[in-house]
Amino acid sequence: MSKIFYDEHGRYQINLNAAKYAVGDLHEKYKTIGNFLSDVDWIAETDTEIFLIEYKNSAVQGIAEDEGFRAKLKGDNYRIFLDSLKKKFYGSTYYLYSCQKCKPLTYIVILEARFLKHNDNLRKRILASIKKHLPFGLQELKLPEIKDNLINDVKVLSIQEWNEQYPMFPLEEVKKELILEHV
């Protein structure tokens, strides 16, 4: 069975065929039960860890969409954006533990926007903000009753950085003739 999944616009695809286990439809599974849990776009399991992958690409929809995404990173909208990323981590983690998938988790947020191309400081700020809302602090307590860490790492990457760091799971633009088939 193919483990190639498409973004919500059908413009990009991620090839998770190298994954031991992959999920690209968790949202659909949650929707069928009327659940309020949030979810990441894709999940990929390797022999040693599980990747929770959230994908945001405002560059595909043009300048207006890019400006709309920039507005999400300001004021109260920034808090709402961070809350949604936090909920996606926890909602997806519940699913994995229900499936008895108990490997170290790496949460990766792939952010692609024209205005982020040359703004490493904003990516770092987003990373620091997300990290504060994840269970790293609980793990650092080293309480004897806590047997497993909930998270190994969190990263905020561009598509290019993702492809450089995780070449076994390429994320690439869909060929134009195939776009209509996946929308």
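Buried here means under 20% relative accessible area. Glu-45, with a relative accessible area of 4%, is therefore buried. The model is predicted, and a search of the whole structure finds nine salt bridges. This tour stops at some of them.

Start by selecting Glu-45, in strand β4 (residues 42-45).

Keep Glu-45 on screen and select Lys-103 next. Lys-103 also makes a salt bridge to Glu-45, at 2.7 Å from N to O. Lys-103 belongs to the loop between α3 and β6, and 58 residues separate it from Glu-45 in strand β4. Lys-103 has a relative accessible area of 17% and therefore counts as buried, the cut-off being 20%. Show Glu-45, Lys-101 and Lys-103 together: they are linked in a network of salt bridges.

Now move to Lys-88 and Glu-54. Their side chains meet in a salt bridge at 3.5 Å, N to O. Lys-88 is in helix α3 and Glu-54 in strand β5 (residues 50-57), so the pair ties together parts that are 34 residues apart in sequence.

Colour this pair by accessibility to finish: is Lys-88 buried or exposed? Lys-88 is buried, with a relative accessible area of 15%. Glu-54 counts as buried too, at 1% relative accessibility.

Definitions and conventions
Residues numbered from 1 in each chain as written. Predicted model: local features only at pLDDT ≥ 70, side-chain atom pairs only at ≥ 80, totals over all residues. Heavy atoms only, no water. Salt bridge = Lys/Arg side-chain N within 4 Å of Asp/Glu carboxyl O. Helix = DSSP H or I, 4+ residues; strand = E, 2+ residues; numbered from the N terminus. Buried < 20%, exposed > 50% of the residue type's maximum accessible area, 1.4 Å probe, protein only.
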